[in-house]
Structure formats: structure tokens, C-alpha cells
Amino acid sequence: MHDDAATTELQDRLAETLAISNQKDRITAYLSTLETLLAAPQTAQLVAFGQHFTTSTTMAMVVGRRVLGSLVIALAAGTGVDRAPAEDVEDAAKWAALGQQAFATDAGAEVRRDAVDGIFEAETSGWCDEQTTTLRHLQSHLLATEEDWVGAARALQRIPLEGGSRLIADDEKLAVYMRIVRYLLECDEWGQAQTYFSRASLLVHTTADTETLLNFRLCQAKLFDFSGRLNEAAQRYHEVSFDAMIDDDDRMAILKAAVTAAVLAPAGPQRSRMLAALNRDERVHTGLPPHLSSILRKMLLDYIVRAEEVAEFSKGLQDHQKATVEGGGTVLDRAVREHNVGACSKVYDNISFDALAALLNVDADAAEVMARKMIEQGRLRAWIDQPLHLLYFEARNPHDTDADAQGTAGGLGVERVEKPVEPVSWTERWDDRIRAASLKVESIAETIIAKGLVSPMPA
């Protein structure tokens, strides 16, 4: 009841002040009331004072900007929000000091947060867009400090960046869009984040600010990650991890994200190149947990990845990376299964779908569907003998454009000699192999004799 009475009394005083004809005297009366409110801040009274200006359609611009600007400066004091319209306030330093003193305690901080939220409970007028924009930034900042990422993004989304009463520079629009993207990504709302990132991408060419550009690249990597474009995500993460503007710990976290995305990416030439690039980065082997570098190297060298290694790797995945995919299992399960199919091609000439299913821990039909899809997408060189339920692996064409990525051990320069596998009879293939082995033995013997390592046997 006491608060209601005090608020009613304040509203009466504000109405009396509004009736003062002299603008200078009116400003003085308003500022005196504000100073009194800041001496013992109460949420309801600060809300009533703020709404007196933000909802008015008859407020004189000079009076409104001066007084509301003073309130905004006081509310933003000590928060790091530096967008207060100080040019409209002659004694900005005074109001900043009063605000910092009024909201210094935990109780004061709570009053400030509730006051800012309360002011926006009523629809605002267009004349004070600059002041309310600053309050929106403040509201977003306060919500972000409480890790209310959705609320922080919503506050920024309500800022009139287009069609408002003031002209907004492209760099300011870009900064707002990028903050919205960051907050939405924090709460996994990547669909909405993509919308604002698309808007930001139209403006990013207008800025040379290195921090904004770095934030843009990092958000792009995260969006690739969320949307399942894992090869692109790994590449962007890896690029950003070299930026000296980022702390060492954060750079290693970004590098870890690059390795994770590369491991989860669909098997194929593009992932092979990405794995090779990461394997050449010494930080992967010295700064990241051993199980990460181990699984990366196994996938790079086309070794079969075991279930216990998959379980260890899965502990570090984020929620969106544990999503189920078509055909059953998670993104990691699919990546490991596809990798193991490719690894089989380095060991076997052919394999039955029953045996492949046992290796992949799926049924035979699912194994065939996976192999067929990889063949259709050009990520596996093989052909299927459906009557015999066999998967035949083919050798790589040495003139293939992907030979650099797959013709060697993940691009490491370890040459692999492969025999063409043709759909011919097993007798012919066996004879060919016996002939090739005999020729190799004879060639080795001739080399040894030529170097004088042994004496030729007498005839």
C-alpha cells in the first residue's frame, strides 16, 4: 500500500511538472524528482518515472531527451553499456555517479533490472528511439549476465533497426545482428540465428573492425556445426583457432571443436583433407586430450575405430551433436560406421553384408543401404553384387582428382600400391596374384645379387 501511495504521489507530481510552461523550469523540476528517486531507488517509482516519458506523445523533445537521457545514464552506470545518449545531457557525469551509487548493491542491481523491464511493459513512443535503444541494450546486457540468452536476444530483436525515427549506421546494425546471433547460438536456437546471420552477412563488408570480423567467422563456424555442415565447420574452426586475438585457452577449445567436427563429418575426400590438415597441426597432439588425437589419426589412416574409443569420444559432444539421424544412431555413430566401411576397403577386396553388418553393429539391410548411399555420393569406390550379397571394393584411379586426398595415407605422403579389382572369376584373380608375387620375388632376388649381398648359386 505504501508503494502504491508513493507511486500515485509521484504521478501527481509529474503531472504538475508537465503543466509548467517554462521549459527550463520544467527540466529542473523533472531532474530534481529524478535525483530524489535515485537517493532511495524503488522499482515502481522508477518505472512510473520512465513510462511518463516513453509513453508520452506530447512530450517536448528538448525536455524529454534531457530528462529521459539522464535516467538512462543513471540506469546504465557501471554496467559497461556505453550507448547512453550523453550529448543530450549536460551533466552526464553527475547522473552516472548517482546511478552507480544507487545500484551498487545486489538489491540495487535487482531494482535496476526490474525497472528496465517495467519501463518496456508499456508501448513506447517513437520520439525517444535513441533512449529506448540504449535501454534495450542495457536490458539485453543484464539478461545475458544472468545467462538468459533467449531474453537477451529478444531484447535486441525489439530494437527498431529499420524504418525508425533515426538513421542507424551499418556498423551498428551489424554489431546488433552479431550479438543476437551469439545469444541465440548459446541457447541452441540456430534456426533463428541463421536468419540474423544472413542479415549480418549483407553488412559485414562495410566494417574493418577485427573483433567484429572474428565474431562473424566464429558464428559462421558454429552455424555450420549446428546445421550439420561439419566439413565447413571444421575448416572455419581451424582457421579461427590461429587468431592471436583469442586467449590461448579459448583457441584450444576452438581447435577441439574443429577436431570434433572433422571426426563427425561424413566420410569422403573433403573430410580426408580436413583430417590431414588437423593432423599436421602440432597443437592437436600436444594440447588436446590424447583420445582426440588418437581417433583423429585412426580415421586419417583408415584404421577401424572400436566401440570403446567411440564411447570415450562421445563424452565430449554437445547436445546437438548427439542428435539421432536417419537410419538410427547418432551423428557420431553414422560417422564411425561410414568410416569403418571405408576402412574395410583398405583391408578386404570384398565383404559380405552380413560380415559388414556385424562390424558396424547394424543389420545387413542397413549396412547395404549405407554402402549404397556412400557409393551414390561418390564417397566410396565400390560396387554391389546383390545376388551374392557382396560388396566389392574398387581400386582408385591414379588420375582421379581426389588422389591427393585419398591416394595416400590421408595426404601424409605414405604411398599405397593398390591392384585393380575387376568383377572376374576368382580363379583368374588367384592366378594373377600368384604371378605378381612370383615376379616380385624374382625382382628382389636379382636386386640382392646385383648389389653383391649374396653369391649366386652354382649351376
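**Exercise 1. Identify the residues through which α9 and α11 meet, and describe their packing.**

Step 1. On the α9 side the contact (heavy atoms within 4.5 Å) involves L174, M178, V181, R182 and L185, and these meet T212, N215, F216, C219, K222, L223 and F226 of α11. Helices here are DSSP runs of H or I with at least four residues, strands are runs of E with at least two, and both are numbered from the N terminus.

Step 2. Sorted by class, this contact of α9 with α11 has eight nonpolar, two polar and two charged residues. Ala, Val, Leu, Ile, Met, Phe, Trp, Tyr, Cys and Pro count as nonpolar, Asp, Glu, Lys and Arg as charged, and the others, Gly among them, as polar.

Step 3. Two packed helices are described by the angle between their axes and the distance between the axes. For α9 and α11 the axes come within 10 Å and cross at roughly 35°. Axes are lines fitted to C-alpha atoms, for helices over the stretch in contact, and angles run from 0 to 180 degrees between N-to-C directions.

Step 4. The crossing of α9 past α11 is left-handed; that is, the near helix is turned anticlockwise from the far one by less than a right angle, whereas clockwise would be right-handed.

The model is predicted: local features need pLDDT of at least 70, side-chain atom pairs count only at pLDDT 80 or more, and totals for chains, interfaces and linings use all residues. Residues are numbered from 1 along each chain as its sequence is written, and side-chain values use heavy atoms, with hydrogens and water left out.

**Exercise 2. Determine how α11 packs against α12.**

Step 1. Helix α11 spans residues 210-226 and helix α12 residues 230-240; their axes come within 7 Å and cross at roughly 150°.

Step 2. This angle makes α11 roughly antiparallel to α12. Angles over 145 degrees count as roughly antiparallel, under 35 as roughly parallel, 65 to 115 as roughly perpendicular and the rest as oblique.

Step 3. The crossing of α11 past α12 is left-handed. From α11 the contact draws on L214, R217, L218, Q220, A221, K222, F224 and D225, and from α12 on L230, E232, A233, R236, Y237, E239 and V240.

Step 4. By class, the contact of α11 with α12 comprises eight nonpolar, one polar and six charged residues.

**Exercise 3. Classify the ring pairs Y177–Y196 and W383–Y392.**

Step 1. The structure contains six aromatic pairs. Rings of Phe, Tyr and Trp (its six-membered ring) pair if their centres lie within 6.5 Å; planes under 30 degrees apart count as stacked, over 60 as edge-to-face and the rest as tilted.

Step 2. The ring centres of Y177 and Y196 are 6.1 Å apart and the planes lie at 45°, so this pair is tilted. Y177 belongs to helix α9 (residues 170-186) and Y196 to helix α10 (residues 190-201), 19 residues apart.

Step 3. Y177 is buried at 6% relative accessibility, and Y196 is buried at 13%. Buried means under 20% relative accessible area, exposed over 50%, partly exposed in between (1.4 Å probe, protein chains only).

Step 4. The rings of W383 and Y392 have centres 4.2 Å apart and planes at 5°, so the pair is stacked. W383 is partly exposed at 21% relative accessibility, whereas Y392 is buried at 6%.

Step 5. Ring pairs also link Y30, F49 and F53 into a cluster.

**Exercise 4. State the surroundings of W149 and L68.**

Step 1. W149 lies in helix α8 (residues 149-157) and is partly exposed, with a relative accessible area of 22%.

Step 2. Neighbours within four places in sequence aside, W149 contacts A144, Y183, E186 and C187.

Step 3. L68 is in helix α4 (residues 61-76) and is buried, with a relative accessible area of 0%.

Step 4. With neighbours within four places again left aside, L68 contacts G50, F53, T54, W127, C128 and Q131.

**Exercise 5. Where does D188 lie, and what is its phi?**

Step 1. D188 is in the loop between α9 and α10.

Step 2. Its phi is positive, about 65°, although D188 is not a glycine. D188 is partly exposed at 38% relative accessibility.
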